Amino acid sequence: MNFSKFLSANELPNYNELTPKSVEEIFERLIPETKNLIKNINSHKQSSWDTVIEPISLETEKINRIWGACNHLSSVVDSPEWRKLINNKMPLVTNFWTEFTQDEKLYKKIDSLKQNSFVQSNKTKQKVVSNYLKEFKLGGTELKKNEKKNFKNNSAKLAKLSQKISHFE
């Protein structure tokens with residue numbers, strides 16, 4: 001299957017092409033690729049819209065699209081295979097988002113863009129930066145190390161309980 005077509009924001013997803021096995025394969029590739037991208041962004045000294053926001057937005061949108069498709073198909077099809085996939089991948093996805101929103105280096109890079117003239121000259125870009133910063137703050141980026149650990153554990157527990165309740169397991 002050509003996942004790039006499915007993950008494109010320019011195409012409507014073709015849910016018929018997705019299977020639990022194919023989605024599992026894409027997560028096994030997509031999450032590490034996105035983590036690697038974040039690591040590369042954090043290693044650069046300079047921050048700009050094109051080197052931070054643009055690549056982060058494109059990659060995290062892929063994760064959102066495929067996870068959204070999983071949850072949609074799990075609700076519509078409600079098969080044991082889809083439930084198993086959701087239950088098995090929930091910790092991976094939850095952990096990814098918690099680590100993402102608690103990444104202090106990435107937060108500082110995005111925060112520095114508030115002063116960027118390219119961002120300041122465009123209200124939409126200002127809003128995008130503002131939304132990212134809000135997401136990071138709500139995700140615990142400003143917490144102390146032990147509080148971050150508790151937040152991460154609680155996020156994992158909440159995700160597990162939410163999934164359990166949604167499928168009455």
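Helices (H or I, at least four residues) and strands (E, at least two) are DSSP runs, numbered from the N terminus. On that basis the protein chain has eight helices and zero strands, and from the N terminus on its elements run α-α-α-α-α-α-α-α. The structure is a predicted model, in which local features need pLDDT of at least 70 and side-chain atom pairs count only at pLDDT 80 or more, while totals for chains, interfaces and linings use all residues. Residues are numbered from 1 along each chain as its sequence is written, and side-chain values use heavy atoms, with hydrogens and water left out.

## Overall form

Along the principal axes, the C-alpha atoms fill a box of roughly 50 × 40 × 25 Å. Where contact means heavy atoms within 4.5 Å, residues 24 or more positions apart account for 73% of the contacts in the protein chain with a separation of 6 or more.

The accessible surface, computed by the Shrake-Rupley method with a 1.4 Å probe, comes to about 10500 Å² for the protein chain, and 52% of this surface belongs to carbon and sulfur atoms. Buried residues make up 38% of the 169 residues; buried means under 20% relative accessible area, exposed over 50%, and partly exposed in between (1.4 Å probe, protein chains only).

## The nonpolar core

A nonpolar core is a set of buried Ala, Val, Leu, Ile, Met, Phe, Trp, Tyr and Cys residues joined through side-chain atoms within 4.5 Å. The largest one here has 36 residues, and those with the most contacts inside it are Val23, Phe27, Cys70, Phe100, Leu106, Ile110 and Val129. At least two residues of this core come from each of α2 (20-43), α3 (49-77), α4 (80-101), α5 (104-112) and α7 (123-138), and α3 gives the most, with 10 residues. In soluble globular proteins, nonpolar side chains tend to be buried together.

Leaving aside neighbours within four places in sequence, Ile110 is in contact with Val52, Ile53, Val129, Tyr132, Leu133 and Phe136. Phe136 and Tyr107 are 29 residues apart in sequence, yet their C-alpha atoms are 6.7 Å apart in space.

## Individual residues

| Residue | Relative accessibility | Class |
|---|---|---|
| Phe136 | 0% | buried |
| Lys89 | 7% | buried |
| Asn40 | 39% | partly exposed |
| Asp78 | 39% | partly exposed |

Phe136 is found in helix α7, whereas Lys89 has its place in helix α4. Not counting residues up to four places away in sequence, Lys89 touches Glu24, Phe27, Glu28 and Trp67.

Asn40 lies in helix α2, and its C-alpha atom is 19 Å from that of Asn95, a residue 55 positions apart from it in sequence. Asp78 belongs to the loop between α3 and α4, and has a positive phi of about 50 degrees although it is not a glycine.
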